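Here are my notes for a colleague coming to this structure for the first time. Please keep the view open and follow along point by point.

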Amino acid sequence: MSERRTKSFHPTLAFKLGLLVLASTGLVFFVAFAYNNHVARRLMLKNVEEATQRLAQSTVARISSLLQGVERTPIFIAQQLSRPVKDTNQIVQVLRDILLSNPHIHSAAIAFEPGKFSPGLESFAPLVYRQNNQWQYRDLAQGLYNYSVQDWYLIPKQLDRPLWSEPYFDDGGANAMMCAFSVPFYRTHENRSEFCGVVSVALQLEHIVEQVSTLSLYRSGYVYLMSQNGQLISHPNLSWVFKESIFSVAEQDGNDQLRRIGLAMVRGQEGLERFQSIFTRRMSWMYYAPVASIGWSVGIVFPEEEILADLRALNRDVLWIGTIGFGLLFCVVVLLSRGVTRPISSLARQTHEIARGNLDVPLPPIRTHDEVEELSRSFENMRVALKEYIANLADTTAAKERIESELKIARNIQRSFLPKHFPPFPDKTGFDLFADLQPAKQVGGDLYDFFLLDQHRLFFSIGDVSDKGVPAALLMAVTKTLMKGVAEQDLSPSEVLGKVNTELALDNETMMFVTLFCGILDFRTGELVYSNAGHLPPLWIRNHCEVSWLELPKGMVLGAMEDSTYETRSIRLQPGDTLVLYTDGVTEAMNAQEALYGEERLLSLIELRGDDSPRSLVENVFRSVHEYAEGTPQSDDITVLVLHFSPELTPRPRSGSARTPCS
Amino acid sequence: MLGLMAGFSSLSLAWAAEQGSGLTRVTLLPQWIPQAQFAGYYLALEKGIYRSNGLDVVILTGGPRQNLEGALRSGEATFITHFLSSALKLRENGLPLVNLAQVGQRSALLLVARRGSGIRRVEDLAGKKVSIWSDFAVQPLALFRRYNLDVQVIPQGATINLFMRGGVDAASAMWYNEYHLMLNAGLNENEVTLIFYDQHGLNFPEDGLYCLDKTWRDQPELCRRFIRASLAGWEYAFSHEEESLAVILRYAEEARTGTNASHQRWMLRRMQDIILPRQTAPPLGTLRKEDFDTVCRELKSSGMINHVPVFEEFHVGASN
């Protein structure tokens, strides 16, 4: 049953071992790998944060110093203007000096509050600007341009402090991005500080933008600059510059995170945030820092994959090494465990043969000096022992079979000794006889016999050898032969028994003996002479139903003592009388409770069936005994012989139904 | 005089064009730069609605440097768009223009006030610095009078920066324009209180279509076709947002206005709120008498006009 292999995959021990080792080392590897990756990533991001922080700080510092360079002069001029200046030329000269002081300053103006330059002059706002490498002068108060509502004038006036304006595009002539720095100036009038105007310079942003836009980081990182309103001043996406603010980009994209970042930036905060760049559409990190003096903010964006590119490459290598290593490890483990399991496998194959009954295949010698060798040796010992045992078993079985077959033959021979043809003398009238023997083992110790001494006399006997089996059978054969030989010398039953006893007792070393009853019936007259050697008394049925034990003379069993003597008795049977002879196999038959069948039970049975024919009676006795035994194995031979005397009859029909039963 | 001559020549050019193609050439000058505020006209042009009404329309580029009055007088512009109050002032000053259609129904002018300055409702404006545009001062001043508020009025320039820098507590803004610019300069909606004039009995409908009285009298059919096509253009623009945005952005790009898509989207949506307000919207292009009366009353009481025109003589388009 176990030999039938199912079709499904059954991994070998080596494979399982390999897989287990691989799984556990793999787990360790991946935990270490994940931890390493996590820590390395954090470290790298920290480094990047520091690097970008430095970059942001240096950018902010550069812009700030540039702005400070611009701021210094108008602040100074505004202080100077706290004293009244009446000379227009002097003012124009001051404005020219401002432009001279810094090549990035495109224009400079001093705008007076109406009436503050001179009481007669309503508005005055001299402007000096560069055009074609020359100074140009203009009074902004002339014409439709209302400087008093311009950001560069109005806001510092309202806020009472110097201020950078939002960047603007000057399409009036410069065609450039500008940012104005305006400083309000005051004069003391009647102990009150009074706003008198604004000194304003316009800075071309080109230079700053250029500086910022050339900054780069990693392969595609970038730096951008936005105004206090979030307007993009510098950005690698040029189509956004001066059109989009960080908020409009966020709105267009529906990106709340970017708006949040934008709010933090316009509020002058500093931070690092991971976000999805709308420009590059890649997961990125943004570091932002304020350019405090002007209210701008610098944003440094770097794609995450580029920051982590080295880590990714490292991870890839580690994973490759890991994968190859695991492959190798697996092979090694499988090979190693194969080395261990190969003897086991071959042992398994060989024992498979043994299991199938082939004990002739010797187990291969295993020299592993370990448990496997021990196991193999034990198996070999077991195989040899098993083989020996089976060989012995075969011999024993053969011997037993031989004996059994010999016993069978012996039984047949023994059975052939007993007369088996009924009716035995079909041409003789005057009696009817039937007998049968059922042996307990294959050869039994019971015997019966009958033969005609002459035309009118029938010799019959029944006996039981003290033992069972072959010795009993042999003794029975001897006894029967002796009986027949002695009886034919025309002796009385007692003489027959005496002679047979003498023969049997002679050199009886086995101390076996035989009980025997024999009689001679003159079936013309019914004269019966009989003698007994320790056998059970037969039952005598008279007048169909009267049953009694036949009176027996005393007599020693045959073969016990050499000089035993026996007595002959005689009775006259009436026609219709029947004798029932039996051995102790009947009366001593046992049921499951080991209770004996008993003589009373036999007597009752015979009383009931007294009118039956001899054959029917014999069969009834056997049936009754078997029913009583209820399947308990028969412990002794059972023999019954029935002799019916009926001189007026020819041999009886088989059935006894012609007669009336006993009442 | 020169302008007058130029007007004659362009008029004759228009006639010539009409005879050539079977279409009548007319020009429209919007009062401001190309943006979603004028989406309907750009879409009527782009989608061929003007042509299918027999009009060959040229939309001139408006802006701060354009002189609407001059362009109308000279005939450079057959039609202009303008705020109702501004048009009434021009008419008071002798420009014989008529209102062909009142497009905007709801005043988009509003005050954006910082909640941080403690302004939750109109009354809170008292004592606060509020910047207003000199050109659109009538409504705020009327509001302050109406609520009897002593407000520190600051002149407002063209940008939102004075407000953004905290120079004032409240500033004027167009709902469709400056307010959104504020939002996209880092102002959060929850940081401000919005004061709409139409909620305080000062609804000044703004954008309308105008032409000279003479044009209307001479060519009423032409004017009607122009009105019909223009309003159809608006309807088209509102129902085709993305397409409209693309058209507007193209015109804005050509005029280098420096705007962006999100701002124009906001503006287009607000124009829809203004032109087709949810409650009690009159037929498109109609000037409601009560709005006209409100504007005239406030202009007169602020001394901007002395004569109130006869409504039917002023608003001519819709009745036909």
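1. Chain A holds 14 helices and 23 strands. Helices here are DSSP runs of H or I with at least four residues, strands are runs of E with at least two, and both are numbered from the N terminus. This is a predicted model, in which local features need pLDDT of at least 70 and side-chain atom pairs count only at pLDDT 80 or more, while totals for chains, interfaces and linings use all residues. Residues are numbered from 1 along each chain as its sequence is written, and chains are lettered from A and ligands numbered from 1 in the order in which they are written.

2. Of the 663 residues in chain A, 36% count as buried. A buried residue has 20 or more other C-beta atoms within 10 Å of its own, an exposed one has 12 or fewer, and a partly exposed one lies in between, with C-beta atoms placed from the backbone. Among contacts in chain A with a separation of 6 or more, 65% join residues 24 or more positions apart. A contact means that two C-beta atoms, placed from the backbone, lie within 7 Å.

3. Have a look at helix H9 of chain A, residues 371–417. Its 47 residues should span 69 Å at 1.5 Å a residue, and the end C-alpha atoms are 67 Å apart, which agrees. The expected span is 1.5 Å times one less than the number of residues. H9(A) is hardly covered, with three buried residues: Ser376(A), Arg383(A) and Gln414(A). These buried residues pack against helix H8 (309–355) and helix H10 (469–487) of chain A.

4. H10(A) has 19 residues and reaches 26 Å from its first C-alpha to its last, close to the expected 27 Å. Its buried residues are Ala472(A), Ala473(A), Leu475(A), Met476(A), Thr479(A), Lys480(A), Met483(A) and Ala487(A). They cover an arc of only 165° around the axis, which puts them on the same side of H10(A); the arc is that of the directions from the helix axis to the C-beta atoms. Among the partners they pack against are H9, strand S15 (446–452) and helix H11 (493–505) of chain A.

5. Where do the two chains meet? In all, 23 residues of chain A are in contact with 21 residues of chain B. Helix H3 (151–159), helix H5 (246–253) and helix H6 (256–266) of chain A each supply at least two residues of the side that touches chain B, and H3(A) gives the most, with five residues.

6. Now turn to chain B, where five strands form an open sheet in the order S7-S6-S8-S5-S9, with mixed pairing. Two strands pair if DSSP finds at least two bridges between them. Strand S7 (152–155) and strand S9 (192–196) of chain B stand at the edges with a single partner strand each, so one side of each is left without a neighbour in the sheet.

7. Strand S8 of chain B, residues 170–174, is mostly covered, with five of its five residues buried. Ala170(B), Ser172(B) and Met174(B) point one way, and Ala171(B) and Ala173(B) the other way. S8(B) pairs with S5(B) in the antiparallel sense over five bridges, and there Leu110(B) stands opposite Ala173(B). With strand S6 (residues 129–132) of chain B, S8(B) pairs in the parallel sense over two bridges, and Val130(B) stands opposite Ala170(B).

8. To finish, follow strand S5 of chain B, residues 109–114, to S9(B): five bridges join the two, which run antiparallel. In this pair, Leu111(B) stands opposite Ile195(B).
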